[in-house]
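Thanks for coming. Please have the viewer open.

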Amino acid sequence: MNKIEITNKLKTAKINQALGVFIALFGLIVIFAMIFTETFVQQMTDLVAGLILLGIGGGMIWKSKLTQIKLNAQERFE
Amino acid sequence: MLAGIDYFIVIAYIVGMLLLGLYFKKFVNSSEDYFLGGKSLPFWAIGMSIVVSDIGALDFVGVSGQAYRYGVSVGNFDWVGSVPAMLLAAFIFIPYFWKGGMYTIPEYLGRRYNKSVRTIASATWILFFALDLGVLFWASAVLLNVLMGWPIWISILSTAGVVGLYTYFGGITAVIMTDVVQMIIMFIGGFALVFLGLHAVGGWDNMVEKIATMGPEYQSHFDIIQPSDTSSPFPWTGILFGLTFVMANAYMIGNQSIVQRCLTAKNEWHAKASMIFGSALKMFIPILVLFPGLMAVVVHPDLADGDQALPMMIKSILPPGLVGLMFAAFFAGLMSSVDSLLNSTATLFTKDIYEPFIKKGASDKHYLKVGQITTLALLVFGVATSPISSDFPGIYVAIQTFMSYFQGPLFAILLLGIFWKRTTQWGGLSALVIGIAFAVFLNVFKEQFFHIEDPFLYISWWSFLVAFIINITVSLLTKKHSEERLKGLVFSSKIVMKTKTV
């Protein structure tokens with residue numbers, strides 16, 4: 001992998017990390033909104049929607065962190 | 001009206017989008033970064049972005065409104081009206097545009113035909129996008145007015161402020177990456193609305209039964225194929241010829257805001273894959289946009305304006321938290337459509353008008369600045385023209401009417417340009433000019449020619465056919481281009497890779 005490819009991948013990883021934080025925060029807010037619901041169906045809908053957002057956001061943060069560590073190590077090695 | 005947690009979610013979303021968009025400023029150092037994202041973006045982000053910028057305001061409000069008025073036949077726009085065209089774009093057209101190192105579709109037309117074709121095509125797209133901006137701002141105002149109780153002008157200005165800032169600073173990278181978030185939220189919010197909506201109407205079968213008993217005007221509400229003499233704007237003849245053959249292809253292959261996304265891909269594989277991935281996501285869209293409109297027929301049968309169906313459903317069906325999420329999702333769609341138009345129009349103006357005609361050979365930083373200033377100017381124009389769209393009965397139909405003027409002729413010259421070596425610069429130019437004039441003529445005298453409410457599908461078909469025939473006829477009468485000039489521009493020729501100096 002050359003330097004340009006590493007820079008591009010690092011750019012994508014940083015972007016994904018920012019997106020992940022945003023989506024995960026939204027997931028937390030939706031889960032919190034459960035306390036304002038009135039019926040069980042509403043409560044479960046908020047919970048499922050919030051968990052999906054949290055899962056996607058968390059996954060993106062984890063993956064991008066991993067990529068950044070790997071690419072930084074590779075950059076130092078090269 | 002929204003209150004408490006929902007209000008907080010919407011505000012948090014708007015502020016978050018703004019911060020996220022501004023964060024992407026650090027990735028913009030050249031005009032290629034601003035207009036093509038440095039050609040470094042992955043297929044999944046581009047695919048999501050294509051879908052979300054396409055379904056934005058138009059589908060969520062407009063198609064739900066059309067489903068409320070006319071039934072499921074409007075779903076054709078997202079199935080036969082998108083998927084085949086996206087696959088055709090992925091395998092035939094996108095590789096040519098990407099390998100050619102192009103910034104805009106008119107740039108291809110300029111190389112294939114001549115500078116006049118490039119300028120006319122670019123100017124018409126700029127005009128369409130600029131008018132489109134006003135329609136989108138108006139759509140956002142209608143929604144904010146219903147759900148938040150904000151006055152129309154406050155709604156328009158707040159949308160313009162947020163989208164304008166992040167598009168101005170972050171360019172297409174900000175546009176595509178905010179689209180990714182927007183798509184995820186739209187899908188989750190949309191599916192939640194469908195799930196709870198079905199629960200509220202007692203399930204699918206119950207809904208169908210109730211709608212069928214509401215009167216004779218609802219008898220064909222669940223017919224995806226409407227007869228050719230239907231009074232709705234979606235007869236099967238129009239869907240097949242106007243939508244599937246012409247408008248869908250023109251949109252997915254010749255629309256700058258769609259194709260420009262594919263040109264940001266890191267390599268040819270990612271460029272193709274983005275369209276294929278987008279087409280897979282597209283198949284879910286009718287579920288998200290049609291169902292709320294249909295369910296609104298049962299829950300709110302007396303709405304005066306079909307475009308109110310979705311906002312009313314969100315208000316009455318969703319629980320706290322998800323009302324805010326869904327509204328944020330819808331607002332996301334609007335923002336996505338607006339940011340796409342802003343960036344694409346800035347690209348068209350800078351690359352096709354400013355660079356060749358106003359200042360040739362300036363520095364890259366200069367063109368970057370021009371792109372940013374154009375974005376700001378368009379924003380002001382969009383806000384100023386937004387009240388025009390209130391004169392049209394349906395937001396979605398209004399957009400299609402604007403598009404049908406030149407979608408057909410543009411697609412005709414693009415199609416012949418790629419597939420027929422014999423087509424000449426004069427063939428292309430006359431086809432474009434006469435085709436657009438013919439579409440305007442048909443639209444002005446539509447009562448004399450068509451019997452349906454809004455014949456935009458027929459107009460696009462006939463204007464395509466006229467442009468196609470004119471192109472062939474004039475090309476056969478004029479001098480053909482040399483093989484050398486056509487290299488990399490027509491199907492089966494080897495494409496000369498544009499070398500990029502790093």
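Before any numbers, one definition: a residue is called buried when its relative accessible area is under 20%, exposed when it is over 50%, and partly exposed in between. What we have here is a predicted model. By that cut-off, 66% of the 502 residues of chain B count as buried.

On to the overall form. Chain B has 21 helices and zero strands. Along the principal axes, its C-alpha atoms fill a box of roughly 65 × 55 × 40 Å. How does the radius of gyration of chain B compare with that of a compact globule of 502 residues? The globule would be near 23 Å and chain B has 22 Å, so the two agree.

Now contacts and surface. Take the contacts in chain B with a separation of 6 or more: 85% of them are between residues 24 or more positions apart. The chain exposes about 17000 Å², and carbon and sulfur atoms supply 68% of that area.

Next, charges. Side chains of opposite charge can pair when their charged atoms come close. Over all chains, the structure holds eight salt bridges. I will show some of them.

Start with Glu107(B) and Arg111(B), whose closest N and O atoms are 3.2 Å apart. Both sit in helix H5, residues 105-112 of chain B, four residues apart, which is about one turn of the helix. Glu107(B) counts as buried because its relative accessibility is 11%. Arg111(B), at 33%, counts as partly exposed.

The next pair is Arg261(B) with Asp179(B), a salt bridge with 3.1 Å between the closest N and O atoms. Which parts of the chain does this pair tie together? Arg261(B) belongs to helix H10, residues 256-262, and Asp179(B) to helix H7, residues 152-201, so the link joins parts that are 82 residues apart in sequence. Arg261(B) and Asp179(B) are both buried.

Then there is Glu484(B) with Lys487(B), a salt bridge at 3.8 Å, N to O. Is Glu484(B) buried or exposed? Its relative accessibility is 58%, so Glu484(B) counts as exposed. Lys487(B) has 46% and therefore counts as partly exposed.

Last item: Lys99(B), Glu268(B) and Lys272(B) are linked in a network of salt bridges. That is the end of my list.

Technical notes:
Residues numbered from 1 in each chain as written. Chains lettered and ligands numbered in written order. Predicted model: local features only at pLDDT ≥ 70, side-chain atom pairs only at ≥ 80, totals over all residues. Heavy atoms only, no water. Helix = DSSP H or I, 4+ residues; strand = E, 2+ residues; numbered from the N terminus. Rg over C-alpha atoms; globule rule 2.2 N^0.38 Å. Buried < 20%, exposed > 50% of the residue type's maximum accessible area, 1.4 Å probe, protein only. Contact = heavy atoms within 4.5 Å. Areas by Shrake-Rupley, 256 points an atom, 1.4 Å probe, with all protein chains shown as cover. Salt bridge = Lys/Arg side-chain N within 4 Å of Asp/Glu carboxyl O.
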